[in-house]
Amino acid sequence: MMKEFDYENLPIVDVVNEIIVDALKKNASDIHFDPTENGLRIRMRIDGVLIDYSKAPAAVQKNLITRIKILAGMNITESRLPQDGAIKNQLEGYDLDLRVSSLPVTYGEKVVVRILDYSMSLKGLDKIDFTEENLAKVNEMISTPNGIILVTGATGSGKSTTVYSILQKLNKSETNIITVEDPVEMKIEGINQVQVMSEIGMTFGAALRSILRQDPNIIMIGEIRDDETARIAVRASITGHLVLSTIHTNNSLNTIERLLDMEVERYLLGSALEGIISQRLARRLCNHCKKVQKATDYEKQVIKKAIGVDIEEIYVPVGCDECIDGYKGRIAIHEVLKINQDIRDAITSGISKKDLRLLVYNKDNVSTLLQDGLTKVVAGHTSFEEILKIIDINEDYVGEETDDLKATIIGKNINKEKKEEIETLF
């Protein structure tokens, strides 16, 4: 149901406040203000999906955008260039921590407001959906005195939440933790946090070089974006520091390849890399309305081949007043690789991608994103269709049975519509 505002009688200030409060109540992660030929289209991203929220007439479009830019401390006279801003305030009992981005488009300025919520980070590592096996690996990795641990995934996949959860656990009075971030998203008492300011020369590389002279035990780098940062981070980790960072890659193997492409020396990477946590976010089934139904032959075969479990029933979304289309909230899907000596030797020696892939995804080393996702499907936390949306099965499933699994997924006993949908994954 689209929300309507009385723009003739309601001040723009109140309209913007109400939109922000509604987004917070709905647990939205972003608010989109999209200019169109006839006005402003307002959407909210809830559980990873954009949903239409309201429309504003062209007559108030500029006033709405201007109000948001004022709140974010942006230049309201500049509409030809992209701008970034932030809103930190209190509104109706809510502590606001918002990031605002404006972009000139055909019919005006598109503004996106990102709502930062690190409440999950404060709950601890054991509350962010790791399986017992993966949680044990993460705890083992962060207990090492030196090395580099990378959290990987796409934008909005919860990387920062995972990194901050790790920092919360490591934050002790006897430990000197220094972070370098752009921007500093969550302020943590007891941790020294550095804000990158590239315009005055305070880059990730420059900050890292200074941090190494500050007697740190643990260094957190907000994101590895370039070759220089990657090389400094790896060198820091082999000189007695534990380094945490994020990087935009799909899985463990892609992360190793990306770092090598960034001209990190093989012998250093093999020595320094301690572990890789790859993750995605899937929509969580609503506990109020999810139901069990008989699994199809297709679902049975894929789950059997991927995780070795025989199922007869599976949970599916329904939809009720408590949720959106049968989903409420999101669940993290993880792939946790603890680097062992065999993988270190393989990285250093430069073996082929195919051989490295088989070594990394040895059954004793790691459960893939697909396997972790399907495990959570069987447990009733998310749906089979949701896992297929967020994970590329062809890229993710590894082993001698890969061809068999692909054959199952696009098998003849799937209806034509489903077959065409799944074939796009390959």
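The model is predicted, so to speak of local features we need pLDDT of at least 70, and side-chain atom pairs count only at pLDDT 80 or more, while totals for chains, interfaces and linings use all residues. Residues are numbered from 1 along each chain as its sequence is written, and side-chain values use heavy atoms, with hydrogens and water left out.

Cysteines to begin. How many disulfides does a search of the whole structure find? The search finds 0, a disulfide being a pair of cysteine sulfur atoms within 2.5 Å. Cys289 is in no disulfide, and its nearest cysteine sulfur belongs to Cys323, 3.7 Å away. That 3.7 Å is too far for a bond. Are they buried or exposed? Cys289 has 11% relative accessibility, so it counts as buried (under 20% relative accessible area; exposed is over 50%, partly exposed in between, with a 1.4 Å probe and protein chains only). Cys323, at 14%, counts as buried too.

Now the helices (DSSP runs of H or I, at least four residues, numbered from the N terminus). Helix 10 spans residues 297–307, and helix 13 spans residues 369–378. They pack at about 125°, axes 10 Å apart. Axes are lines fitted to C-alpha atoms over the stretch in contact, and angles run from 0 to 180 degrees between N-to-C directions.

Which residues make the contact? Helix 10 gives Val302, Ile303, Ala306 and Ile307; helix 13 gives Leu370, Gln371, Leu374, Thr375 and Val378. Contact means heavy atoms within 4.5 Å.

How values were computed: Helix = DSSP H or I, 4+ residues; strand = E, 2+ residues; numbered from the N terminus.
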